[in-house]
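Good morning, everyone, and thank you for making time for this. Please have a look at the sequence and the structure as they come up, and then we will go through them together.

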Amino acid sequence: MTDTSSLSHLIERLEKATGPDRELDVEIQETVVGLEMYESIAERGGGKCIRYYPGPPGPTYRALPRYTSSIDAAMTLVPEGWRAGIDPIFFFDDQKKERTDAILCRADWSKWSPVNSDWIERVEMRGATPAIALCIAALKAQLSTRTNEQDDDRNLSGVSSE
């Protein structure tokens, strides 16, 4: 499992991105998805790919997902139980660059109440492209999920068995 500091660093880099970036795609693959012992990032035909070593007769290759340019690839980063949406309205940041929003939310039905929205966890992030905004929101949701799981683990370990 990826440590939270690596994930936070990757989120910072994505927030500064001005457009799709294959180096960021590589970093997402290595940090979030991971590479098996028999895989590595390689160059083939002028592009980045994942080299896979299944055994003889030699390596096979598969495309490295384009997380920062493809909404479909970015969706694979959304944690289970979260729902995603992309705001079609483009915003301009202080440097007059177009930005767009991605919104992720999940419901905790055990906390449901008709009078407030405390039962809905929401992550809304802005990025240079819809795919980048979705990557940032998905990684923030992963951080939130991991933090909640760590809190649950700490609470369980503090319970005495009398």
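This is a predicted model: local features need pLDDT of at least 70, side-chain atom pairs count only at pLDDT 80 or more; totals for chains, interfaces and linings use all residues.

Let me begin with the chain as a whole, which has four helices and six strands, arranged along the sequence in the pattern α-α-β-β-β-α-β-β-β-α. The protein chain has 162 residues, and 36% of them count as buried. Its accessible surface comes to about 10,100 Å², and carbon and sulfur atoms account for 51% of that area. If we take the contacts between residues at least 6 apart in sequence, we find that 50% of them join residues at least 24 apart.

Now to the strands, and back to the question. Strand β1, which covers residues 39–44, pairs in the antiparallel sense with strand β2, residues 47–52, and six bridges join the two.

On we go to strand β3, residues 60–63, which runs antiparallel to β2 and is joined to it by four bridges. Here isoleucine 50 has arginine 62, in β3, as its bridge partner. So that you can follow it on the screen, trace β1 to β2 through their antiparallel pairing, and then go from β2 to β3 through theirs.

How values were computed
Residues are numbered from 1 along each chain as its sequence is written. Side-chain values use heavy atoms; hydrogens and water are left out. Buried means under 20% relative accessible area, exposed over 50%, partly exposed in between (1.4 Å probe, protein chains only). Contact means heavy atoms within 4.5 Å. Accessible areas come from the Shrake-Rupley method with a 1.4 Å probe; for residues, only the protein chains shown count as cover. Two strands pair if DSSP finds at least two bridges between them.
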